[in-house]
Amino acid sequence: MPLLPLVQSRNVGSLRVHALQAGLQQLDGGAMFGVVPKTLWERKIPADARNRIPLGMRCLLVEHPQGLVLIDTGAGNKENEKFYGIYGIENSPIGGVGPTQLESALGQAGFSPADVALIINSHLHFDHAGGNTRRGESGEPVASFPNARYVVRRGEWEWAHRVNERTSASYFPHNYDPLMAAGVLELADADIELLPGISLRRTPGHTPHHQGILLESEGERLFYLADLAPTTAHVPLPWIMGYDVEPLVTLESKRQLWGEAASEGWTVMFEHDSVNAFGRIVADGKGYTCEVLE
């Protein structure tokens with residue numbers, strides 16, 4: 001697995017933002033690219049002997065005038081060694097004791113979990129919301145960010161509580177139910193501006209109520225893609241994950257967002273790309289490609 005920088009920082013207008021690496025994953029390349037043939041996707045991201053490709057788990061920290069905002073929280077470290085082996089997750093230590101890689105990245109950026117005021121989950125899959133909670137002194141899951149309020153879409157919350165054979169492996173109630181019980185989890189019903197310059201944007205397909213997050217400041221925009229396009233290789237419209245429950249809906253979510261992002265020159269952030277954190281969506285006459293930003 002590659003050694004990725006813990007922190008990559010840039011400015012969005014007057015906002016200082018940090019891409020925080022919350023750990024590494026290795027997932028099956030076929031599952032990550034759906035109907036795209038291996039002969040095509042492997043040119044972009046080579047697979048190992050087990051057909052797995054390397055992936056990151058980037059969260060976005062925003063230094064906002066009203067407090068620190070953290071978007072997604074990685075996989076956390078509450079699960080067992082077998083689980084982490086299956087998904088190739090590297091986020092030591094295992095068992096909920098000691099700092100996660102996200103905490104280490106947060107510290108390198110100059111902050112601690114207690115400094116975070118707002119957590120936004122793009123959706124509630126374990127590799128995006130697992131770090132919401134940690135094991136308390138008696139082993140029970142408690143909020144990882146003790147002074148933060150958490151926000152997720154109401155539809156995603158309801159979807160996470162109606163799992164079936166297709167979706168149950170992705171949703172673990174101990175990542176979010178304790179937050180609701182503690183009164184710190186809020187459910188958003190629509191595309192709203194949570195704080196000045198930080199807005200929710202529903203981007204369905206991966207899950208029916210998946211959302212991205214739009215930052216706006218001084219005429220500049222950054223969009224946190226989450227699993228709409230997990231890597232730069234997923235920018236072409238038909239390159240869609242096999243994990244998406246509604247892939248044709250993903251296609252239309254991408255088509256709509258890419259047109260807006262390309263025409264207005266947005267910066268986009270890739271949560272799972274093992275090399276590139278930031279890029280721009282470019283219309284090339286045939287479709288869309290990615291211009292990687294350093």
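The model is a predicted one, in which local features need pLDDT of at least 70 and side-chain atom pairs count only at pLDDT 80 or more, while totals for chains, interfaces and linings use all residues. Residues are numbered from 1 along each chain as its sequence is written, and side-chain values use heavy atoms, with hydrogens and water left out.

Along its principal axes, the C-alpha trace spans about 55 × 45 × 35 Å. The protein has eight helices and 16 strands, where helices (H or I, at least four residues) and strands (E, at least two) are DSSP runs numbered from the N terminus. Of the contacts between residues at least 6 apart in sequence, 65% join residues at least 24 apart, a contact meaning heavy atoms within 4.5 Å.

Buried residues make up 55% of the 294 residues; here buried means under 20% relative accessible area, exposed means over 50%, and partly exposed lies in between, with a 1.4 Å probe and protein chains only. The accessible surface comes to about 12100 Å², of which 51% belongs to carbon and sulfur atoms, as computed by the Shrake-Rupley method with a 1.4 Å probe. The protein has 24 positive and 35 negative side chains, and the centres of the two sets lie 5 Å apart; Lys and Arg count as positive and Asp and Glu as negative, whereas His and the chain ends are not counted. Each charge is placed at NZ of Lys, CZ of Arg, CG of Asp or CD of Glu.

A search of the whole structure finds zero disulfides, a disulfide being a pair of cysteine sulfur atoms within 2.5 Å. The sulfur of Cys59 has its closest cysteine sulfur in Cys290, and because these atoms are 20 Å apart, they are too far for a bond. Cys59 is buried, with a relative accessible area of 0%, whereas Cys290, at 23% relative accessibility, counts as partly exposed.

Leaving aside neighbours within four places in sequence, Glu63 is in contact with Leu15, Arg16, His18, Leu68 and Phe111. The C-alpha atoms of Glu63 and Val116 are separated by 9.5 Å, although these residues stand 53 residues apart along the chain.
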